[in-house]
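Here are my notes on the aromatic side chains. Please read them with the model open.

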Amino acid sequence: MRQFPLEMHGMAPGRVVEWRLRSTAAGPEPAAEGAGRRASFNQDKHFTVAEQSRGADDPVASWIAVTFEVAGALDEPAMTRALLAFVRRHEVLRCEFRRLAGELACEPIAPDELALSVAPVAAFDTTGALVGFLSERFKRSIDTLSWPLFTMGAVLREDSATVYLAFDHIVCDGLSMPIVVQQVQSAYEALCRGEEADDGPDPSYLDFAEDQRRRYVGFTADDERLGYWQEFVARGGGEFFPPFPLDLGVEPGRMYPIVNEASPLLDAGETEVFDKACRAVDGKAFMGVLAAVAVCLREAGGPGVYRGFMPVSERGRDGWAQSVGWFVNTMPIEFDASPGRDFAQVMAGVRAAFGEMMGHIDVPFVRAWQLLAPVEFAARSWPYPVNFFSYIDTRKCPGAERHDDWRPASHVWSARANGVCSWFQRDAYGLHMNSIYVDTPAARRTMAGFQEALRRTVREIARHGSLGRPLGLAAPRGPVGATVGLSGYGYAARP
């Protein structure tokens, strides 16, 4: 399973249907179950930005989507029941968010007060028209300020179907996407066999949010738990956000349309060798990728000390492994990648920095931001391009053993940006990269060169267990901004 732009999906055309979710409750009052619960810090900030941008007639839009394949003609009643069972399992998907007395409240609808119906939408003869329609559909149908906060549908053909679900970030994260696929597909297959679908409930993200708020809503800027953040900010000259060190050609305070592109870095065999090279120096594959990123940024003119943000999953405690929600904390990480340090030395720095970071993972990013950078916190976006690194090994996700059958993929989109975000994924087919960045000539040149240098660096690590000679950012092979397309479940060159 990998992440790439929806526009690069080579799904076959067909007839599109969608499932419409509604509440059967008699009135607007929330159900007694969990009524008036508080949103998480992530959710509150996300909702506040949506409110502010709507009031300024400057909407900040984004979505996270997942697609997967169903073999044979789709049994629509069975899929309807599977999708309804999935929504009933996860309290966060049944929530309406409302601002009450300054706080963002989550008001869940009771599972038995939900109904789902299927409706025809359109039919398409070409892949391009279909994917374009879905992209626009997700943009129009997902609104942070309106329930439901996701859309569900399928592309039907005589012998197969592509099912899609697209969500607002307020109810999910990237690691929720494999859970969506595993639970919906498992329920559908059970129903097709004449069995019952599991409708949970799974441990609720709202419980996670409530516990987080209880522990951190009252702490202050001088709390010793902020020491790790305070030291990171001090070493950065007082900057809360670590800047992306390469030129993207952006103006302060301005947002830009985006480039959303994906490409392979290593195939399956190369990735296995890369993994062994990392383990040979007491590291892990994600540490090796981060080390390679740091060296490539340095060789392009960045500093010798890598400073960046890294999202980290908070699912590892209290049984959240099968739950849908925004279980992500964003943490700072810093290590030495100066010239003259070999691969083992850089990896040792990454390993030590990651261990130190994980020792402080409990402090919510949004609270640290609010307390240590209150001026920037009041804005609707990060103040400038920020150094950001994300890595997921989807082979370890729920349902990974069936990914060859289900062929799942995740897709992210954002209306505008002022910097760059890069996500790295490892699956059974290799190591892959997806980046969203500002659509400027400088950013296209910088990112094309960076991707090429990174590809050569990880291959050098795989082949020789070293960082090789200084690489710099060589001119990209082919047109600036060229992307790689997807054909079926493997990569293929797109003309």
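1. First, a term: buried means under 20% relative accessible area, exposed over 50% and partly exposed in between (1.4 Å probe, protein chains only). By that rule Phe286 and Phe354 are both buried.

2. The model is predicted: local features need pLDDT of at least 70, side-chain atom pairs count only at pLDDT 80 or more, and totals for chains, interfaces and linings use all residues. Residues are numbered from 1 along each chain as its sequence is written, and side-chain values use heavy atoms, with hydrogens and water left out.

3. The structure has 31 aromatic pairs. Rings of Phe, Tyr and Trp (its six-membered ring) pair if their centres lie within 6.5 Å; planes under 30 degrees apart are stacked, over 60 edge-to-face, the rest tilted.

4. Take Phe241 and Tyr384. Their ring centres are 6.5 Å apart and their planes stand at 85°, so this pair is edge-to-face. It joins distant parts of the chain, 143 residues apart: Phe241 lies in the loop between helix H6 (227–235) and strand E10 (258–267), Tyr384 in the loop between helix H11 (374–377) and strand E13 (389–393). Helices (H or I, at least four residues) and strands (E, at least two) are DSSP runs, numbered from the N terminus.

5. Phe241 is buried at 1% relative accessible area. Tyr384, at 24%, is partly exposed.

6. Phe286 and Phe354 are also edge-to-face, because their planes meet at 65°, with centres 4.9 Å apart. Phe286 is in helix H8 (residues 285–299) and Phe354 in helix H9 (residues 343–358), 68 residues apart.

7. One aromatic cluster includes Trp229, Phe241, Phe377 and Tyr384.
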